[in-house]
Amino acid sequence: MNKIFTALLAMISLSAFAQKTYIQCGKIIDGTANRVQSEITIIVEGNIIADIQKGYTSGGPTDRVIDLRNKTVLPGLIDCHVHLESQQNKNTLLEGFTLTDADIAYQAAIFAKRTLLAGFTTVRDLGGSGVNISLRKAINQGLTDGPRILTAGRAISGSGGHMDNSNGLRDDAFNHKMGPDDGVADGAAEMIKAVRLQFKRGSDVIKIASTGGVLDLSENSSGAEMSLEEIKAVVETAKDYGLKVACHAHGAEGIKRAIIGGVASIEHGSFMNAEDFELAKQHGTYLVPTIIAGKSVADSAKIPGFFPPVIARKATEVGSQIQATFSKAYKAGVKIAFGTDAGVYAHGKNALEFQYMVEAGMPPLEAIKAATINAADLLGLSDKIGSISKGKFADLVAVDADPLIDIKILQKIAFVMKDGKIYKNQ
Ligand SMILES: [Zn+2]
C-alpha cells in the first residue's frame, strides 16, 4: 500500500514538474531563416526550447500558454562588448579612487538588470575590476537578475597601455606598482602570467588592448601598444585553457598584429584599413564595432569640462570614425558580431546600436543576425544560444512590430524570457 502511494506521489510530482509553456508567436525571426515566419508556437520545458510547431497549439490542461500573437518573437539578443561594473560620467576618473568593490557590485547589479530588461539575455563583459566575475556567479545562482555573462575579469595591456590605471598620474599618486596581477604586463612571459591569473580568477574570455584607447589619461588613442610576440603569447596561453581572446584596437597596425596573432575579435576597429579587412576575412576574425560608444564619447567631448582635455581630444579623433569604418568593413565582407561597449554610454540603451548599423548600410536582418547567430558563434555558444531552435536555451524576446520594417522597435522590448523564466511581459 505504501509503495503504491509513493509511486502515485512520484507520478503527481512528475506531471507537475513536466509543465510546459506554449508561447504562441504571431511572427518569429528565428535567427537562422532568411524570412519572417508567421503563426508559430514555441514549446518551452524547463530552461530549454523543447519543440517548435506550426500554428497555435496549447498543450494539455496543466500547461501554460503565453499569448504573443500580436508580437514578433526573436532569439534573446547578445551584446559581445559591455562593461557592467560602471557607467561613464564626469566623475568616472575620480570613482577609480573612491569606489570599493562593494560599491561597484551594487551598481553593477542594477546595470545587469537593465541590460536584461532591454532584451539582452547574454553579454560578454570585456573588463572591469573583477567584480564582474562575482556578478556572473550571483546571476547564475539566482541571487540577482541579469543576463547570462561571459566575462574577461580584468583586461590586459602593457605598461602605459590602455588598461594601465596609473596612466597620466604622478608616480607617487598610486602607491602600488602595476603588474600582471592588475592586467599590466610587458613581454611574453608576463603576458602568459597575466592570462593565467585571469583564468585562475574565473574569466571566461581574455581581453587585451593592442592599441591605445580613448578613456584613459595616456596621450595615445590608436597607436600600437603590444608586440606581435606578446599578442601570440596571450592567444596561445588562452587557447590552452579553452579561452578566446578579444582585442581592443583602434589603429590599423595594432589591428593587423592582433589578427595575425590569432585573436577572435577586434573591438571598435576604428581605423581598420583595406589590408586589415582582407586579413580579418582570411583569419575569420570578427569585428565588434561599438558604434554607439564612439558616437557617445564624441558627443560628451563637446560638453565643456566633461572629460579632461586629453580624453576630449582622443574622443573626437576616434569616436566619429567608427560608424564609417564599420560600413566599409561590412561591405568588404568582414564578419560582424554585435557589441556596444555599454558602460561607455548608459546601460539598457544597447539596442540603439541596431539603428546605427542599419544607418551604415547593413540590412536589418543582418544586424539581428550579428546580435544572435553570429554573436553566439563568436562566444563559442552556437549549440546553446543565438537562434530559436529545438534543444537551445529558452532565451526569447518580443516586440510590438516587425523589426525588419522598423529596426528602432528593438529599443522597446516588450517581452523577455531567459533560461525559460519570464522577466518582462508587457
Ligand atoms: Zn570596452
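Q: Which residues in H3 meet H4?
A: Welcome! Asp-101, Ile-104, Ala-105, Ala-108, Ala-109 and Ala-112 in H3 meet Val-131, Ser-134, Leu-135 and Ile-139 in H4. Contact here requires C-beta atoms, placed from the backbone, within 7 Å. By class, this contact has eight nonpolar, one polar and one charged residues. Ala, Val, Leu, Ile, Met, Phe, Trp, Tyr, Cys and Pro count as nonpolar, Asp, Glu, Lys and Arg as charged, and the others, Gly among them, as polar.

Q: What can I trust here, and how are residues counted?
A: This is a predicted model, where local features need pLDDT of at least 70 and side-chain atom pairs count only at pLDDT 80 or more, while totals for chains, interfaces and linings use all residues. Residues are numbered from 1 along each chain as its sequence is written.

Q: How is a helix pair described?
A: Two packed helices are described by the angle and the distance between their axes. For helix H3 (residues 101–117) and helix H4 (residues 131–140), the axes come within 10 Å and cross at roughly 50 degrees. That makes H3 oblique to H4 (under 35 degrees is roughly parallel, over 145 roughly antiparallel, 65 to 115 roughly perpendicular and the rest oblique).

Q: How many residues of each domain are in contact?
A: 20 residues of domain 1 are in contact with 22 residues of domain 2. On the domain 1 side, strands S4 (64–75), S14 (415–418) and S15 (421–425) each supply at least two residues.

Note on methods. Axes fitted to C-alpha atoms, helices over the stretch in contact; angles between N-to-C directions. Helix = DSSP H or I, 4+ residues; strand = E, 2+ residues; numbered from the N terminus. Contact = placed C-beta atoms within 7 Å.
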